[in-house]
Amino acid sequence: MKKIVLTLAVLATGVVAQAQEGGFGFNQGDILLEGNIQVNSTKESVEANGFTATQKQNNTNFSPKAGYFINDKFALGVQLGVFSGKETTTLPTGTDEVKQNGFYAGVFGRYYFLDLGQRFKTYTELGLGMNNYKEETNGTETQKNSGFSTGLGLGINYFVTPKIAINFGLSDILSFSTSKDKNTDVKSDEFNANINVFNNFFSTATFGLTFKL
């Protein structure tokens, strides 16, 4: 009888330990690997004076990042961003093609502040980094910017397994950027406050995968 009780106690301890190890969410010392992607494609046609003008636009934005949890709720890390876009306008007189390319490198801090059940984890994130942007029109460079930007946003992780989650990066609440055109020496600053973010969470959402190591 004692052997049976001891055996059951050992099994129960093992089950509890596995449940703790397989819990959803993050703990101090965990490493976060994440990749978000945003793809937009639009096409518009306008008729005027018997002629039709067509505009096509395709944009792709990929942003991988890695972070380390200094406690159960807060992570610090590094992030990259790669952007490419193409806009084609077809007129009766010809076709104009604009190509855009951008690169971003920076750091971020992420804080998990609310659990919506066991699998949904919501967070706020502050990022800061340097960026470069280049634009060409019909093969000729028309714009080349460099500067820095910062943004405060929201996001949600849905854990499919204890180690893998789907990430929804929602709209930035606050953002600020400054840049300088190397061709014209023109400086520009931009500040945005998205006060309607809670009404249109998925208007500029990014989707990706989050891995816990």
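## A tour of the aromatic rings

Start by selecting Y112. At 4% relative accessibility, Y112 counts as buried, since the cut-off for that label is under 20%. Keep in mind that this is a predicted model.

**Stop 1: F26 and F69.** Zoom in on these two rings. Their centres are 4.4 Å apart and their planes meet at 15°, so the pair is stacked. Now colour by secondary structure. F26 sits in the loop between helix 1 (2-21) and strand 1 (31-48), and F69 sits in strand 2 (residues 51-69), so the pair ties together parts 43 residues apart in sequence. Buried or exposed: which label does F69 get? F69 counts as buried, at 0% relative accessibility. F26 also counts as buried, at 9%.

**Stop 2: F69 and Y112.** Stay on F69 and bring Y112 back into view. Here the ring centres lie 6.0 Å apart with planes at 35°, so this pair is tilted. The pair links distant parts of the chain: F69 belongs to strand 2 and Y112 to strand 4 (residues 94-116), 43 residues apart.

**Stop 3: charges over rings.** Select R110 and Y123. R110 lies over the face of Y123, at 3.9 Å from the ring centre. Finish with K65 and F108. K65 lies over the face of F108, 4.9 Å from the ring centre.

Notes. Residues numbered from 1 in each chain as written. Predicted model: local features only at pLDDT ≥ 70, side-chain atom pairs only at ≥ 80, totals over all residues. Heavy atoms only, no water. Phe/Tyr/Trp six-rings, centres within 6.5 Å; stacked < 30°, edge-to-face > 60°. Helix = DSSP H or I, 4+ residues; strand = E, 2+ residues; numbered from the N terminus. Buried < 20%, exposed > 50% of the residue type's maximum accessible area, 1.4 Å probe, protein only. Lys NZ or Arg CZ within 6 Å of the ring centre and 35° of its normal.
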